[in-house]
Amino acid sequence: MSGKMPNLLFCLWNQFVVFRYSCGPFISHSFPSISKVVLSMSASNEVILSGIRPTGRLHYGNYFGAIHHFLKLQEGDATCFYFIADYHALTTITERKDIYRQTLDMLRTYVACGLDPARSVVYRQSDLPCTAELSLLLGMITNIGHLERGTTYKDKFGKLQDDPRTTGNPLSYGLLGYPVLMAADILIVKADVVPVGDDQRQHVEMACDIAEKFNHRFGCEALHRPKAVGREALRLPGLDGSAKMGKSDNNTLDLLDDPKTVLKKIKSVVTSTEPLPLDTDSKDPEVVVPKLPGGLNVLYQLLHLTAPDEVFQDFLEQYRTGGKFYGNLKKTVAEHVSKFNEPIIERFNDPAINDDFIEDFLRDNAKKVTPVALDTVEGCREAMGIGRSLYRA
Ligand code: TYM
């Protein structure tokens with residue numbers, strides 16, 4: 001079958017699967033202030049896909065850049081696929097004991113945040129090994145120069161080169177091919193929408209380019225081109241005042257941080273700059289926050305994301321009038337962040353969501369996504385001329 005999977009098949013397939021566990025009521029974080037960062041909701045029959053690498057605990061960038069949208073999108077009637085990108089994690093994880101543990105914990109955090117197994121198909125990337133096959137096929141038509149120009153690749157390469165522990169050529173084939181594997185993740189389920197933070201925008205564009213090139217080269221419609229990521233995608237700054245909060249930069253605020261840790265981290269944000277005149281009268285956090293100096297912008301952004309708007313407006317007014325209020329600002333941000341984390345931590349520690357539950361859950365979900373994925377891979381094999389597989393384990 002080429003092109004998009006007929007909707008009827010999707011419906012039948014969805015009805016066919018029965019979950020072994022019915023999660024209780026899920027946590028809902030309905031702060032009015034975060035509604036602005038929601039991507040446009042999908043129309044019916046759309047396919048949504050996104051993934052997160054299991055490289056440690058989920059941080060606020062992951063949550064508001066991605067998971068927040070996963071939760072909103074699963075409320076609509078789209079088919080949602082969310083996965084843990086454990087193959088991708090192998091490009092940076094060196095401790096083999098960590099990866100499986102972190103995958104299970106990441107899944108547990110997904111569920112603790114409110115991802116509903118009855119509404120979303122949540123699986124582990126490596127449980128869909130035909131993704132690797134599609135990645136190999138896509139690699140045949142992907143230009144190396146295109147990959148070398150990728151900003152994430154250049155950034156990681158630079159960091160590896162600067163790291164004194166690095167010896168010899170630090171580059172792996174996996175690191176260079178990272179966007180090809182990511183394209184395979186997206187294209188294998190024929191995704192329409194890929195909710196990600198701003199840092200992943202270029203990778204999604206590469207997936208679009210690869211799909212187009214493949215269809216053009218082989219004169220087919222085997223791959224479905226997803227929508228590009230909108231300009232409104234979030235890039236949350238790091239607690240160190242740098243442009244991006246990221247796991248490898250040790251500048252994150254995590255969803256599982258307890259109140260003591262939250263306060264310590266927030267207090268450590270450098271706010272040495274006295275309030276400066278803002279060249280806008282706007283009260284809109286989207287307009288104002290990027291104009292604030294490093295350090296303060298992350299504090300105000302966190303306030304915007306976790307506190308009611310009147311609290312944000314009150315501190316914005318204090319910034320405009322000047323004075324000594326940074327101590328109070330930090331205390332308030334820490335309180336709202338801890339309040340936000342509390343139900344997530346509670347659910348994460350729920351003994352019912354243990355490793356057995358998570359493993360059963362992953363097994364069941366892998367079975368759900370496999371037929372869709374195989375359909376795409378077989379279509380690509382056929383388009384490329386090697387023909388459909390004669391045997392699949
Ligand atoms: P990863 O694990 O680095 O990040 C997961 C998600 O979190 C978002 N994110 C942020 N958003 C806003 N501000 C930040 N500071 C911030 N930091 C992280 C990321 O944009 C992402 O949405 N390559 C992906 C994983 C992946 C994937 C895919 C995603 C593999 N295959 C297919 C979508 C589709 C990654 O490294 O995510």
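Lys 190, which follows helix α9, has a positive phi, near 60°. Helices (H or I, at least four residues) and strands (E, at least two) are DSSP runs, numbered from the N terminus. The structure is a predicted model, in which local features need pLDDT of at least 70, side-chain atom pairs count only at pLDDT 80 or more, and totals for chains, interfaces and linings use all residues. Residues are numbered from 1 along each chain as its sequence is written.

Helix α9 itself is mostly covered, for 11 of its 11 residues are buried. A residue is buried if 20 or more other C-beta atoms lie within 10 Å of its own, exposed if 12 or fewer, and partly exposed in between, with C-beta atoms placed from the backbone. The buried residues of α9 include Tyr 178, Val 180, Leu 181, Ala 184, Asp 185 and Ile 188.

One partner of α9 is helix α10 (residues 201-218): the two pack at an angle of about 70°, with their axes 9 Å apart. Axes are lines fitted to C-alpha atoms, for helices over the stretch in contact, and angles run from 0 to 180 degrees between N-to-C directions. The angle makes α9 roughly perpendicular to α10; angles under 35 degrees count as roughly parallel, over 145 as roughly antiparallel, 65 to 115 as roughly perpendicular and the rest as oblique. On the α9 side the contact is made by Pro 179, Met 182, Ala 183, Ile 186 and Leu 187, and on the α10 side by His 203, Met 206, Ala 207, Ile 210 and Ala 211. Two residues are in contact if their C-beta atoms, placed from the backbone, lie within 7 Å. The residues of this contact comprise nine nonpolar, one polar and no charged. Here Ala, Val, Leu, Ile, Met, Phe, Trp, Tyr, Cys and Pro count as nonpolar, Asp, Glu, Lys and Arg as charged, and the others, Gly among them, as polar.

Helix α9 also takes part in the ligand site: β1 (47-52), α2 (60-73) and α9 (178-188) each supply at least two residues of the shell. In total 26 residues surround the ligand, the closest being Gly 61, Gly 65, Ala 66, Val 196 and Gly 197. The shell holds 11 nonpolar, 10 polar and five charged residues.

Leu 104, Leu 107 and Arg 108 of α4 meet Asp 355, Ile 358 and Leu 362 of α16. This contact has four nonpolar, no polar and two charged residues.

Helix α4 (residues 96-113) also contains Ile 99. Ile 99 is partly exposed, because 17 other C-beta atoms lie within 10 Å. Its C-alpha atom is separated by 8.8 Å from that of Gly 56, 43 residues apart along the chain.

Across the protein chain, there are 16 helices and three strands, and buried residues make up 40% of the 393 residues. The average pLDDT, the predictor's confidence in each residue from 0 to 100, is 87, and 88% of the residues score at least 70. Over residues 1-42, however, pLDDT stays under 50.

Methods:
A residue is near a molecule or strand if its C-beta atom, placed from the backbone, lies within 6 Å of it.
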